[in-house]
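Take a moment with the sequence and the model before reading on.

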Amino acid sequence: MTTAARTLPTEAADLPYAFAEAFNAGDLAAVDRLFEPGALFVTRPGHTVSGDERRAANAEFLALGIPIRLTLRHAYVLGDLALLIGDYLIEGTAPDGTPVCDRGTATDVARRGPDGCWRYAIDNPSGTDRP
């Protein structure tokens with residue numbers, strides 16, 4: 001697969017890795033292309049955003065300048081839908097010198113579009129965390 005900025009994943013299990021590649025490149029436009037236009041982002045359990053608010057939430061993470069490490073645990077695919085479960089870790093030092101350690105197990109829903117490419121419909125990094 002070429003860089004996430006140029007290629008969308010055609011396999012559901014590749015979507016999280018395309019996200020990590022775009023995230024680690026600091027490329028918000030490439031990250032955003034991995035989401036359906038109306039996709040939801042769960043900022044904390046019970047609270048979702050979409051559109052410009054979703055882009056802003058992703059931009060906040062990118063602004064940390066700390067790479068994400070991701071391990072896909074499971075990809076369950078049924079037709080054009082997929083449930084992706086994976087562990088992530090964002091650990092390092094923010095530009096202001098603050099230590100950062102954000103980790104969790106994401107539960108995400110992806111959908112294959114008419115172009116055959118997979119995009120996030122629901123990005124839930126907090127997974128099963130309780131409010």
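A cavity is a set of grid points where a 1.4 Å probe fits but cannot get out, and its lining residues have an atom within 4 Å of a point. Keep in mind that this is a predicted model.

The largest cavity holds about 240 Å³ of space. Its lining takes in 20 residues. Nearest the centre lie Phe-19, Ile-68, Tyr-88, Asp-123 and Pro-125.

Which element gives the most to this lining? Strand 4 does, with 6 residues. Several elements each supply at least two residues: helix 1 (15-24), helix 3, strand 3 (68-78), strand 4 (81-93), strand 5 (99-112) and strand 6. By type, the lining of the largest cavity divides into 15 nonpolar residues, 2 polar and 3 charged.

Now turn to the open space. The largest pocket has a volume of about 180 Å³. Two elements give two or more residues to its lining: strand 1 (35-44) and helix 3 (51-63). Phe-41, Val-42 and Thr-43 are among the lining residues, as are Ala-57, Glu-60 and Phe-61.

Next, find Asn-124. It sits in the segment after strand 6 (118-123). Is Asn-124 buried or exposed? Its relative accessibility is 13%. Buried means under 20%, so Asn-124 counts as buried. Its side chain makes a polar contact of 3.0 Å with the side chain of Ser-126. Leaving aside residues up to four places away in sequence, Asn-124 touches Val-42, Ala-106, Thr-107 and Asp-108.

Finish with Pro-95. This residue lies in the loop between strand 4 and strand 5. What does Pro-95 touch, not counting residues up to four places away in sequence? The answer is Ala-63 and Leu-64. Pro-95 and Ile-66 are 29 residues apart in sequence, and their C-alpha atoms are 9.1 Å apart in space.

Note on methods: Residues numbered from 1 in each chain as written. Predicted model: local features only at pLDDT ≥ 70, side-chain atom pairs only at ≥ 80, totals over all residues. Heavy atoms only, no water. 1 Å grid on protein atoms, 1.4 Å probe; cavity = no way out; pocket = protein on both sides within 12 Å on 5 of 7 lines; lining within 4 Å. Points joined across faces, edges and corners; volume = space filled by probe spheres on them. Helix = DSSP H or I, 4+ residues; strand = E, 2+ residues; numbered from the N terminus. Buried < 20%, exposed > 50% of the residue type's maximum accessible area, 1.4 Å probe, protein only. Polar contact = N/O pair within 3.5 Å; in protein donor to acceptor, adjacent residues only side chain to side chain. Contact = heavy atoms within 4.5 Å. Nonpolar A, V, L, I, M, F, W, Y, C, P; charged D, E, K, R; others polar.
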